[in-house]
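Please read the following report alongside the sequence and the coordinates. It takes up backbone geometry, strand pairing, nonpolar cores and charged pairs in turn.

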Amino acid sequence: MATIQIKRRTSAGTGPLVGTTGSVKAGEPLVDFTGEHLYIAKADKTASVSVPLADSDYLKIPSTSKVDTQIDTKITALGLGTAATKNTGTGNGNVPILDANGKLADSVVPKIAMTNTFVVASQTAMLALSAAQEGDVAVRTDLNKSFILKASPYSTLANWQELLTPTDAVTSVNGSTGAVSITLAGLGGVASSTYNTHVASNLHLTETQRNVIANIMNSRVVSGAGSDFSLSQAAFDAAVIGSGLKINQVIDSNYTPHMIKYSIGIDSSKVLQPSSVIDGGTY
């Protein structure tokens, strides 16, 4: 059996047979294992100094890895990004496409309607709102009510849903309805003059309650020529003698409510007295 030889490059260098020496036949294959390409000669040709063999004399068929690299390079050069490798559709990882109306499918982007408000004077006028879309509102001046279009078409009354609002009027006040003027007598109470007399007196208080009120006193501490109020607790603490005052608290249960009494005195160890000794100190 005859052996068909294919020119192949197995030494250093890449590409087909080129230069001023050698010859090829039309359709003759040349394999470049280093560059991973298959070259097919386009026509018979013998190389010479004046007409050398060149890359343009061959059809170039790259390997799979070379094709992948060339495709990636081309995608990068064209700035196609990752979308160039995605399938079209509406599933996960797909690139959605526009329909015949130039819109995306509802499964990709649900319908979004900007709500418009139409003021109409009758049901007939509402059902004639050809510009109304789902979500639009019709304000009926004949009913003092509002309706929203929940489905198409606009001309079908059942597609208009009434917008419910809470009642804005008092149902009744002590059995009265409408514009009600509230008075004590209207509420079943005593006359205003009787109420005012009662409020101004202490007849509604017990004896104990009167005693409690009588024993309540309002007291406060004010500054005078011999005192000065500090602007902050820190300033006060820095300006006073530590533990300079002695305070005793006594709760007097003879009063209702109980009375708290305080006894206040100056600590004798913090001040000079006639019997005090001033020591010059030890060196």
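In which loop is Ser243 found? In this predicted model, Ser243 is found in the loop between α5 (233-239) and β11 (245-252). Its phi is positive, at about 55 degrees, although Ser243 is not a glycine. With a relative accessibility of 56%, Ser243 counts as exposed, because that value lies over the 50% cut-off.

Glu36 is another residue other than glycine with a positive phi, here near 60 degrees, and its place is in the loop between β3 (29-32) and β4 (37-41). Glu36 is partly exposed, its relative accessible area being 36%. A further backbone feature is the cis peptide bond that joins Ser152 and Pro153, with omega at about 5 degrees; Pro153 has its place in the loop between β9 (145-149) and β10 (160-162).

## The β11 and β12 hairpin

Strand β11 pairs with β12 (residues 259-266) in the antiparallel sense, over eight bridges, and the hairpin that joins β11 to β12 runs through six residues. Within this pairing, Ile251 has Ile260 in β12 as its bridge partner.

The side chain of Asp252 makes a polar contact with the side chain of Lys261, at 3.0 Å.

## Nonpolar cores

Which residues make up the largest nonpolar core? There are eight in all, namely Val120, Met126, Leu129, Ala132, Ala138, Phe147, Leu149 and Trp160. Ala132, one of these core residues, touches Phe118, Leu149, Tyr154 and Trp160 when residues up to four places away in sequence are not counted. Apart from this core lies another, made of seven residues, among them Leu30, Tyr39, Ala41 and Tyr58.

## Salt bridges

How many salt bridges does a search of the whole structure find? The search finds seven, and three of them are described here, including the one between Asp57 and Lys45, in which the closest N and O atoms are 2.9 Å apart. This pair links distant parts of the chain, 12 residues apart, with Asp57 in the loop between β5 (45-46) and β6 (58-62) and Lys45 in strand β5. Asp57 is buried, with a relative accessible area of 18%. Side chains of opposite charge can pair when their charged atoms come close.

Lys145 forms a salt bridge with Glu162, and here the closest N and O atoms are 3.7 Å apart. Lys145 lies in strand β9 and Glu162 in strand β10, so that the pair, 17 residues apart, links distant parts of the chain. Lys145 counts as partly exposed at 37% relative accessibility, and Glu162 also counts as partly exposed, at 27%. The side chains of Glu207 and Arg210 meet in a salt bridge as well, with an N to O distance of 3.5 Å. Glu207 and Arg210 are separated by about one helical turn, because they are three residues apart in helix α4 (residues 207-215). Glu207 is exposed, with a relative accessible area of 52%, whereas Arg210 is partly exposed, at 26%.

## Confidence in the model

The chain has a mean pLDDT of 82, and 93% of its residues reach 70 or more. Where in the chain is confidence lowest, and where is it highest? Confidence is lowest in helix α3 (residues 192-200), with a mean of 76, and highest in helix α2 (residues 123-126), at 95. Where pLDDT is low, the predicted coordinates should not be read in detail.

How values were computed. Residues numbered from 1 in each chain as written. Predicted model: local features only at pLDDT ≥ 70, side-chain atom pairs only at ≥ 80, totals over all residues. Heavy atoms only, no water. Helix = DSSP H or I, 4+ residues; strand = E, 2+ residues; numbered from the N terminus. Buried < 20%, exposed > 50% of the residue type's maximum accessible area, 1.4 Å probe, protein only. Polar contact = N/O pair within 3.5 Å; in protein donor to acceptor, adjacent residues only side chain to side chain. Core = buried A, V, L, I, M, F, W, Y, C linked by side-chain atoms within 4.5 Å. Contact = heavy atoms within 4.5 Å. Pairing = 2+ DSSP bridges. pLDDT = per-residue confidence, 0-100. Salt bridge = Lys/Arg side-chain N within 4 Å of Asp/Glu carboxyl O.
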